[in-house]
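Trainee: I have this one open in the viewer and would like to go through it. Can we start with the strands and then do the side chains?

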Amino acid sequence: MSIKKTFLLIFAVLSTNLALAQTENTEGTEETESTENSEDTEGTEGSESESATSILTFPNGFSPNGDDFNPTFKPKQYQNIEEFHAYIFNRWGQKLYEWDDVSADGWDGTYRGKPVKQGTYFVLVKARGSDGQEFNIRKDVNLLRGYTEETTNGNN
């Protein structure tokens, strides 16, 4: 499938489900992407002693603006992921970045070493957990360059 066809498919899904988390029924279990903030499990791999339930969630945005707060787009929470592949596309369907290690640093908001513009980009993730759960995540991600912790506190 060409990149443009892939993008159009992603765009069609996103345009009808922007406000909804993707839910997929796999062998009687329901897979839902959570949008809750979970500080204590953020970006950590679960230990073997924990439940074998697979978890994979992503944030809705990130801010590669030099303040070292959310500088990369990567999984917010993951546990028991065996296979992982993620792609980042711009609004025209051009692939900007891809990675295949869930624990890697993720996307830093650049393309060919140059910062991309602030805006909305699209992520496509295909992954499989150790419990056999399949993750097919398609969502938009907001890249915010002018957003800093100081602007939220009113310290301009």
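Mentor: We will take the sheet, then the core, the charged pairs and the rings. Keep in mind that this is a predicted model.

Trainee: Fine. What is the order of the strands in the open sheet?

Mentor: The order is E4-E11-E10-E6-E7, five strands in an open sheet with mixed pairing. E4 and E7 (95–99) are the edge strands, and each has a single partner strand, so one side of each has no neighbour in the sheet.

Trainee: Which strands pair in the parallel sense?

Mentor: E4, residues 61–62, and E11, residues 134–143, pair that way over two bridges. Phe62 is the residue opposite Leu143 in E11.

Trainee: How many bridges join E6 to E10?

Mentor: Eight, and the two strands run antiparallel. E6 spans residues 81–89. Within this pairing, Ile88 is opposite Val123 in E10.

Trainee: Ok, packing. Which residues touch the most other members of the largest nonpolar core?

Mentor: Leu56, Phe73, Phe84, Trp107 and Val125, out of 22 residues in that core. E6, E7, E10 and E11 are the elements that each give two or more residues to it. As general background, nonpolar side chains tend to be buried together in soluble globular proteins.

Trainee: Take Val125. What is Val125 in contact with, leaving aside neighbours within four places in sequence?

Mentor: The list is Leu56, Phe58, Phe84, His85, Ala86, Phe135, Asn136 and Ile137. Leu56 and Phe84 in that list also belong to the group that touches the most other core members.

Trainee: Switching to charges. How many salt bridges does the structure hold?

Mentor: Three. In one of them, Arg128 pairs with Glu82, with 3.1 Å between the closest N and O atoms. Arg128 is in strand E10 and Glu82 in strand E6, 46 residues apart, so the pair links distant parts of the chain.

Trainee: What distance goes with Arg128 and Glu83?

Mentor: 2.7 Å, N to O. Glu83 also lies in strand E6, so its pair with Arg128 in strand E10 ties together parts that are 45 residues apart in sequence.

Trainee: Are those two side chains buried, partly exposed or exposed, and what are the areas for Arg128 and Glu83?

Mentor: Both are partly exposed: Arg128 has a relative accessible area of 23%, and Glu83 has 44%.

Trainee: Which residue does Lys95 form a salt bridge with?

Mentor: Glu98, with the closest N and O atoms 2.5 Å apart. Lys95 is partly exposed at 30% relative accessible area, and Glu98 is partly exposed at 35%.

Trainee: Last topic, rings. How many aromatic pairs does a search of the whole structure find?

Mentor: Eight. One of them is Phe58 with Phe73: the ring centres are 5.4 Å apart and the planes are at 25 degrees, so the pair is stacked. Phe58 lies in the loop between E3 (55–57) and E4, and Phe73 in the loop between E4 and E5 (77–79), so this pair ties together parts that are 15 residues apart in sequence.

Mentor: Phe62 and Trp107 form a tilted pair, with 5.5 Å centre to centre and 55 degrees between the planes. Phe62 is in strand E4 and Trp107 in the loop between E7 and E8 (110–111), 45 residues apart.

Trainee: Are Phe62 and Trp107 buried or exposed?

Mentor: Both are buried.

Trainee: Which residues form the aromatic cluster?

Mentor: Phe58, Phe62, Phe73, Phe84, Tyr97, Trp99, Trp107 and Tyr121 form one cluster.

Methods. Residues numbered from 1 in each chain as written. Predicted model: local features only at pLDDT ≥ 70, side-chain atom pairs only at ≥ 80, totals over all residues. Heavy atoms only, no water. Pairing = 2+ DSSP bridges. Helix = DSSP H or I, 4+ residues; strand = E, 2+ residues; numbered from the N terminus. Core = buried A, V, L, I, M, F, W, Y, C linked by side-chain atoms within 4.5 Å. Buried < 20%, exposed > 50% of the residue type's maximum accessible area, 1.4 Å probe, protein only. Contact = heavy atoms within 4.5 Å. Salt bridge = Lys/Arg side-chain N within 4 Å of Asp/Glu carboxyl O. Phe/Tyr/Trp six-rings, centres within 6.5 Å; stacked < 30°, edge-to-face > 60°.
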